[in-house]
Amino acid sequence: KTTGANQIAEPNAMKELLISLHLQRYSIMKCFELIDKDYDCIVRYRTDCFPADNIFLRDIDFSEKIIYTPINLGGGGAVIKTEDGEQIVSGMNDKVSFGNMKNMKVYCEAYNNLYDDQINHKELVQQETSLYYHLLIKNNIKIGHIPVKYFMVGFEKGNGGRGFPTRISVF
């Protein structure tokens, strides 16, 4: 067996993925709740991520129903069962995201729907796949890519960057 989204090799691996998913989503939601007024742009990023390029927010159209992510370090993917049959759910970069206030509110409040999503689609255990499902499939928010790359520090193979806090910046 593989450790992909549809086949988790061991029950302990599944448990660890689900705990990590819930903790990450909860901390993102709590960070967003600290925002006290509307802003044009919300940036969600992990503190172990640094841009390798300049990011020009003024060049991004934040008026549409799109969440933007850098072009590298995405991941995930699963096949879920729907009423219409099976559907392939891709993954998305869940480490750095940009969007307007309304779209990022949906992004940051993914925790509120996580339990129902997990009950209905047990294969959504990876961060990237679960978030993609929440945004695109459930809320019709497109995933756009900006031509910016970034790198991660302190990342050890196999730990997924666990232990690094999330940050949300407003502009």
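By class, the lining of the second largest pocket comprises 13 nonpolar residues, one charged residue and no polar residue, where Ala, Val, Leu, Ile, Met, Phe, Trp, Tyr, Cys and Pro count as nonpolar, Asp, Glu, Lys and Arg as charged, and the others, Gly among them, as polar. The structure is a predicted model, in which local features need pLDDT of at least 70 and side-chain atom pairs count only at pLDDT 80 or more, while totals for chains, interfaces and linings use all residues. Residues are numbered from 1 along each chain as its sequence is written, and side-chain values use heavy atoms, with hydrogens and water left out.

The second largest pocket has a volume of about 200 Å³ and is lined by 14 residues, of which Val43, Tyr45, Pro51, Ile55 and Phe98 lie nearest its centre. Two or more lining residues are given by each of strand 1 (42-46), strand 2 (49-51) and strand 6 (96-99), and the largest share, three residues, comes from strand 2. On a 1 Å grid over the protein atoms alone, a pocket is an open set of points where a 1.4 Å probe fits, with protein on both sides within 12 Å along at least five of seven lines, in contrast to a cavity, from which the probe cannot get out; lining residues have an atom within 4 Å of a point. Grid points are joined across faces, edges and corners, and the volume is the space filled by probe spheres set on the points.

The protein chain has four helices and nine strands, which are DSSP runs numbered from the N terminus (helices, H or I, at least four residues; strands, E, at least two). Along the sequence, these elements follow the pattern α-β-β-β-β-β-β-α-α-α-β-β-β. Of the 171 residues in the protein chain, 42% are buried, the term buried standing for under 20% relative accessible area, exposed for over 50% and partly exposed for values in between (1.4 Å probe, protein chains only). Among the contacts in the protein chain with a separation of 6 or more, 79% are between residues 24 or more positions apart, a contact being defined by heavy atoms within 4.5 Å.

Serine 97 is found in strand 6 and, at 0% relative accessibility, counts as buried. Its side chain makes a polar contact of 3.4 Å with the side chain of tyrosine 107; such a contact is a pair of N or O atoms within 3.5 Å, of which, within protein, one must be able to donate a hydrogen and the other to accept it, residues adjacent in sequence counting only if both atoms are side-chain atoms. Apart from neighbours within four places in sequence, serine 97 is in contact with residues including Ile42, Val43, Arg44, Met92 and Met104.

Tyrosine 68, in strand 3 (residues 66-70), lies 29 residues from serine 97 in sequence and 5.6 Å from it in space, C-alpha to C-alpha. Tyrosine 68 is buried, with a relative accessible area of 11%, and a polar atom of its side chain lies 3.1 Å from the backbone oxygen of aspartate 61.

Two aromatic pairs are counted under the rule that rings of Phe, Tyr and Trp (its six-membered ring) pair if their centres lie within 6.5 Å, planes under 30 degrees apart being stacked, over 60 edge-to-face and the rest tilted. The rings of tyrosine 26 and tyrosine 111 have centres 5.2 Å apart and planes at 70 degrees, so this pair is edge-to-face. It links distant parts of the chain, with tyrosine 26 in helix 1 (residues 11-33) and tyrosine 111 in helix 3 (residues 111-120), 85 residues apart. An edge-to-face pair is also formed by phenylalanine 62 and tyrosine 68, at 6.1 Å centre to centre and 90 degrees between the planes. At 15% relative accessibility, phenylalanine 62 counts as buried.

The backbone oxygen of phenylalanine 62 also lies 2.6 Å from a polar atom of the side chain of asparagine 100. Asparagine 100 is found in the loop between strand 6 and helix 2 (101-108) and is buried, with a relative accessible area of 13%. Asparagine 140, by contrast, is exposed, with a relative accessible area of 52%, and is placed in the loop between helix 4 (127-139) and strand 7 (142-146).
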